[in-house]
Amino acid sequence: MMIRIGNGYDLHRLVEGRKLILGGVEIDHHLGLLGHSDADVLTHAIMDALLGALSLGDIGHYFPPSDPKWAGADSMELLYQVDKLIKDKGWSIGNIDSVIVAERPKLKPHLPAMIKSLADKIAIAPEQISIKATTNEKLGPVGREEAICAYAVVLLIKE
């Protein structure tokens, strides 16, 4: 058996007039994340971790923000494509461990829905996904509620 580990990170600015989507779940908040796609930082971090584990670059390589085709893209659909690429190369996900960093809104009540959304999209057990939420203790752009970021680590397995 072979294993590979990848890590990912993403950050997007919070702005008015955009939806807040994390892990494919729309969360009621007066601010949303700004980006070329739906700016789902959690899903972006997971995709970068998956691609990084196999030295396949990052999501910008596959879904460049300069390409109008990806404007407003649903990040969960992009995740599905990245997962398919991983599976086509003979790898499967052992687990995903992630952290979302945001001052507000409080994310703990939404974590089970995010886990279910991600697990359903890439056809793995919810027990293979961990999502934690924390604050930045009011420090930096995340602490000033100017942005939200996410970190992810994945373990890929090839029998």
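In the predicted model, the largest nonpolar core comprises 48 residues, among which Leu22, Leu50, Met114, Ile131 and Leu156 touch the most other members. At least two core residues are supplied by each of strands E2 (20-22), E3 (25-27), E5 (92-101), E6 (129-134) and E7 (147-158), and likewise by each of helices H1 (41-53), H3 (75-88) and H4 (111-122). The greatest contribution comes from H1, with nine residues.

Helix H1 is mostly covered, with 12 of its 13 residues buried. Just after the helix, Ser55 adopts a positive phi of about 55°.

Strand E5 pairs with two other strands. With E7 the pairing is antiparallel and extends over nine bridges; within it, Ile93 has Leu156 of E7 as its bridge partner, and Leu156 is also among the core residues that touch the most other members. With E6 the pairing is parallel, over six bridges, and Asp97 stands opposite Ser130 of E6. Together, E5, H4 and E6 form a right-handed β-α-β unit.

Ile131 illustrates the contacts made around this unit. Residues up to four places away in sequence aside, Ile131 touches Leu42, Ser98, Ile100, Leu111, Met114, Ile115 and Leu118.

Terms used. Residues numbered from 1 in each chain as written. Predicted model: local features only at pLDDT ≥ 70, side-chain atom pairs only at ≥ 80, totals over all residues. Heavy atoms only, no water. Core = buried A, V, L, I, M, F, W, Y, C linked by side-chain atoms within 4.5 Å. Buried < 20%, exposed > 50% of the residue type's maximum accessible area, 1.4 Å probe, protein only. Helix = DSSP H or I, 4+ residues; strand = E, 2+ residues; numbered from the N terminus. Contact = heavy atoms within 4.5 Å. Pairing = 2+ DSSP bridges. Right-handed = clockwise from strand over helix to strand, strands pointing away.
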